[in-house]
Amino acid sequence: MKVLIIEDEKSLSESITTYLKGQDFICEIASDFKTAIEKTELYDYDCILLDITLPGGSGLSILKELRANNKMDGVLIISAKNSIDDKVAGLTLGADDYLPKPFHLSELNARIGAIIRRKQFGGSSIIRFNYISIDTQAKVAAIHNAELLLTRKEYELLLFFISNKRKVISKSAIAEHLWGDEMSGNLDFIYTHIKNLRKKLMEAGEADYIKTVYGMGYKFTD
Amino acid sequence: MKLLAKYNRANILATTIVFMIAGVCYYFIVHLVLIKQLDKDLLVEEQEIRDFIKVHNNLPDAADYKDQQVSFQKMAVVINRKFESVDILKEKDDEYRTMRRLIFPVNIAGVNYKVSVSKSQQEIEDLIQLIVSITLAMVILLLLVLFIINRFVLNKLWLPFNNTLTQLRQFNLLSKKKLELTYTGINEFMELNKAVTEMSSQVLKDYESLKSFTENASHEIQTPLAVINSKLELLMQSENFTEQQMNGVETIHDEIRRLSRLNQSLLLLTKIDNHQFRETEEVDLSKIIVKQLNNYEELIAARQITLTEHISKTPQILMNEILAGVLVTNLITNAIKHNIDHGTLEIVLQENRLSVSNTGNVLSCKPEELFERFKKDTHQTESLGLGLSIVKKICEQYDFVISYTFMDGVHTLSIRFSSNNV
């Protein structure tokens, strides 16, 4: 899957590239307006990460151009301007999602995954990890084809883990993914949810995939 | 006091005084002139009497006409010649008449006589009375005219000023609309309008630059934060950390997130302060509450908090939807964060008020400091201390009244909606 990162902050686009590489994405970088326009005109991407403030022009103009040319690449706006105007303008122009900076790479990865699923499979894709399968349209998870009874947050947690499989995810990334910004602070409550999910997976006959990485967070790995 | 009233007061006072002085002067001058005229007539009479005596060597007959009397009196000594004004009682209608009298001595065959010739001064008095009346009438007429001029003409003259004032009152930074003042043709007002227009466009410009500065500052801070955050998350992926290093990375990561949330919260406060959330609509708070409670359902359950909802009415509140969301979310997360395990959380939504109660430890700060920025309970070091400031700021924006009570281990935050938003 091809992802274009339109972002003028080089070290940020490098980080994104490094993180996404491990998740079977091929990343290209455009760090200014002109390069971005050229690349979007020449190639098709599964998902475009779009920064709004770019040297040489606004990211929103690139989005406008794309949609005017009937290109339906998935677009995820990553902007430091957590401004409602930009968000609304972006989404009205046809962006698929909006993620304010700073973001967790795991969150970014999960959002890109969601956009690609929506674009390519009409939302009906099944994500697999060993014997676990997640139907993202029906929002159900199954192990060995037997439905796994999960609460809504447990389902979201599992999907988030599998989207970021074999990566260390920090507790704050998990908390913010599940409950938004407001609940960060003391993150001890996450432990309960992890424990419940782990128990349900193991009862269904799977191995203990959720590894605790001391002091940092968790890692979903086999 | 209105400028007009002040001006009128001075104007009327000055006019009245001038007219009074003029009236008095007029009175004396006219009086003097007329008396002089009368005296001249009396002198003619004197001459006639002297001529008569010279010819006849005898006194003429004393005469008493309506407006002229001549009388003679024998005197032992020679009296001085003089003019005088006297009030004489008239027997006919029993009232005093002012008379002008000339007294002069004559000598007929060695006998001294005092001759007095009197003429009625009444006509003069009448004339002067008339003059005074006319003067008074003129003063009144002038005042009347001034009043009419003030009332109609001056009001019209001040119209451009009032227009400017109205426009200034309606001037709103957020509408970004420049003042459009009409051409008046009057120098003073044109200068005023020019100054006001220049000032308003300067204010608009400054406001815009301040707004973009706030946004840009936030932008500039978020970008390096995003870079640090992403680098740290990559660092986390490497597997050969010692425990101590891991702890360090996690701490840095948490603090970066905190800094970022702090930045966003401050930006939100600034934006609310700048009234940048102006679009209002009818918001159904009960829907937002239910949605947020759903979101935190498992958190509440995990801490075994008993949740009770009393949503009796679903008021439609006229406010910004985003702010309504922030308000409800902050109240609910606040009540969860500061709750105790096995505690309670109660939400009451009525037609005109919303209250959120939760069990919790006694506050370590004064209740009145609860809504201040960066005031936080010492038990909760991770908290930013901005959540309730934001809640309060939103309440202020819509004239909602927020109050806090603590009773039997239960903290209650109540918001009473203002009548014009329900």
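In this predicted model, Thr308(B) stands opposite Glu346(B), a residue of strand β9(B).

Stepping back, β7 and β9 belong to an open sheet of five strands in chain B, arranged in the order β7-β9-β10-β12-β11 with mixed pairing. At the edges lie β7 (306–311) and β11 (401–407) of chain B, each of which pairs on one side only. From one strand to the next, the twist averages 10°. A helix accompanies this sheet: α5 of chain B, residues 285–302, packs on it and touches β7, β9 and β10 (353–359) of chain B. The direction of α5(B) makes about 170° with that of β9(B).

Chains A and B meet in a contact to which chain B gives 37 residues and chain A gives 37 residues. On the side of chain B that touches chain A, the elements giving two or more residues are α3 (187–237), α4 (243–273), α5 and α6 (321–337) of chain B. Among these, α3(B) provides the largest share, with 14 residues. Sorted by class, this side of chain B holds 15 polar residues, together with 11 nonpolar and 11 charged ones.

How values were computed. Residues are numbered from 1 along each chain as its sequence is written. Chains are lettered from A and ligands numbered from 1 in the order in which they are written. This is a predicted model: local features need pLDDT of at least 70, side-chain atom pairs count only at pLDDT 80 or more; totals for chains, interfaces and linings use all residues. Two strands pair if DSSP finds at least two bridges between them. Helices (H or I, at least four residues) and strands (E, at least two) are DSSP runs, numbered from the N terminus. Axes are lines fitted to C-alpha atoms, for helices over the stretch in contact, and angles run from 0 to 180 degrees between N-to-C directions. Two residues are in contact if their C-beta atoms, placed from the backbone, lie within 7 Å. Ala, Val, Leu, Ile, Met, Phe, Trp, Tyr, Cys and Pro count as nonpolar, Asp, Glu, Lys and Arg as charged, and the others, Gly among them, as polar.
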